[in-house]
Amino acid sequence: MSVVEPERTSLNPKADHLCVLVHGLWGTPSHLEYLAKSLREKHAEDKLNILVAKSNSGTYTYDGIETGGERVTQEVEELLEQLIQAGTPIAKLSIVGYSLGGLIARYAIGLLYSKGWFEKIKPINFTTFATPHLGVRTPLRGYHSQLWNAFGARTLSSSGRQLFTIDTFRDTNRPILSVLADPSSIFIRALSEFKTRNLYANIINDRSAPYYTTAIASTDPFVDLDAVDIRPLKSHSPTILDPDNPVSPKSTKEPLQPFYTRLSSDGQSLLTRIPLYTALIALIPVATVAWTINSGIQSFRSNKRIQLHEQGKGLDGYRIPLLMNGNSARSAVGGAFRRVNSAHGQDYLPESQDDDSDEGAGEDLPKLELKRTSSRKADFPTLALSDEQFEMIRSLDKVGFKKYLVHIKNHRHTHAAIIVRMQKPGFDEGKVVVRHWLDEAFEL
């Protein structure tokens with residue numbers, strides 16, 4: 001496999017298209033090995049150069065979306081300048097983000113856009129796999145969810161606060177994810193420049209980034225698979241769902257089994273799980289203490305790295321105005337009000353409050369030919385997301401993503417399986433996902 005490393009000086013002079021791959025939280029470039037290898041097998045070296053970003057490897061992903069985005073931007077710029085000096089400039093750019101890497105990629109393209117690169121290079125493909133575009137705040141009722149939202153946000157340094165949207169980004173008085181989705185921001189402007197915008201989202205068993213956030217959706221039709229009809233795409237059945245009509249409620253419910261049958265089944269299921277529950281009771285306290293200690297250590301190290309990064313040379317080139325229409329003060333006040341107002345805890349909103357309005361989102365964006373890919377929204381209850389998350393959905397839907405929903409059945413770690421993060425037999429369904437991306441979504 002021939003993959004462009006940042007320090008490599010001998011590049012194919014004929015390739016005018018650069019594809020950048022960005023890994024996720026706790027990730028390394030090796031997590032994207034199957035994506036890079038498949039991309040290279042599909043497109044020859046004289047057609048496409050591939051850069052697997054490596055500056056955020058391991059715990060460096062703790063350091064926040066903006067720090068990670070600045071690092072990736074620097075990697076990309078160094079390679080672009082290297083190619084220009086070699087007399088082989090790049091004409092086309094694509095970027096692929098996996099998990100947190102999708103958010104880092106969204107930040108990086110905003111910086112590239114603001115620095116004028118998109119005037120020289122045509123943006124072609126922007127793709128995310130299992131990326132939590134709306135953060136990972138759990139939209140559920142109860143103390144356990146509130147505890148997770150509070151605890152989880154404080155165990156991953158800056159990235160944790162940003163993913164749970166409890167951060168305040170610079171002088172905006174808003175979370176960074178809200179700024180990333182602001183219609184007047186450089187990030188949405190950059191996103192709208194790409195010829196194609198595609199996302200792939202697991203419909204079940206993604207414990208790291210649930211369906212609603214990776215699919216940019218205010219509903220989750222897949223909570224109970226027995227209650228819906230799933231429609232796979234014939235060409236990639238049963239793993240990829242039909243993007244135009246992926247799911248609908250079943251017209252008739254399954255007949256209820258007799259009481260004694262259900263009781264027997266539930267009893268057997270409980271008995272088989274007793275060893276697992278016993279092990280969890282013993283291990284969870286120990287694991288929690290170890291996790292907390294390690295998180296504290298890594299957060300301390302992360303804060304030190306961020307301070308060094310802030311003091312680094314050349315950083316001024318990345319500290320640029322993020323909003324382009326002068327409404328940052330108004331947004332800051334509005335953001336503060338929304339944060340106080342969004343402290344709700346119900347699972348779903350009442351039907352009268354279902355959020356289906358596009359008013360005020362992205363009026364000044366270029367006109368785009370959009371095809372709605374979400375399922376029949378009115379058939380499923382609206383999740384109890386925050387006001388900021390609903391605004392993110394409106395803005396990102398306005399820009400337009402082609403949404404491909406993924407049904408991985410053979411492995412419960414779908415977050416890793418979707419990109420074949422490692423070679424395991426249970427991850428073979430992820431190969432179908434990657435093949436679909438290369439055959440149907442990626443344009444050279």
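**Exercises on helix packing**

Y34, L35, S38, L39 and K42 in α1 meet K431, V434, W437, L438 and D439 in α13, where contact means heavy atoms within 4.5 Å. The residues of this contact of α1 with α13 divide into six nonpolar, one polar and three charged; Ala, Val, Leu, Ile, Met, Phe, Trp, Tyr, Cys and Pro count as nonpolar, Asp, Glu, Lys and Arg as charged, and the others, Gly among them, as polar.

The model is predicted: local features need pLDDT of at least 70, side-chain atom pairs count only at pLDDT 80 or more, and totals for chains, interfaces and linings use all residues. Residues are numbered from 1 along each chain as its sequence is written, and side-chain values use heavy atoms, with hydrogens and water left out.

**Exercise 1.** Describe how α1 and α13 pack.

*Solution.* Step 1: helix α1 spans residues 33-42 and helix α13 residues 428-441. Step 2: their axes lie 11 Å apart, at an angle of about 40 degrees. Step 3: α1 is therefore oblique to α13 (under 35 degrees is roughly parallel, over 145 roughly antiparallel, 65 to 115 roughly perpendicular, the rest oblique).

Notes: Axes are lines fitted to C-alpha atoms, for helices over the stretch in contact, and angles run from 0 to 180 degrees between N-to-C directions. Helices (H or I, at least four residues) and strands (E, at least two) are DSSP runs, numbered from the N terminus.
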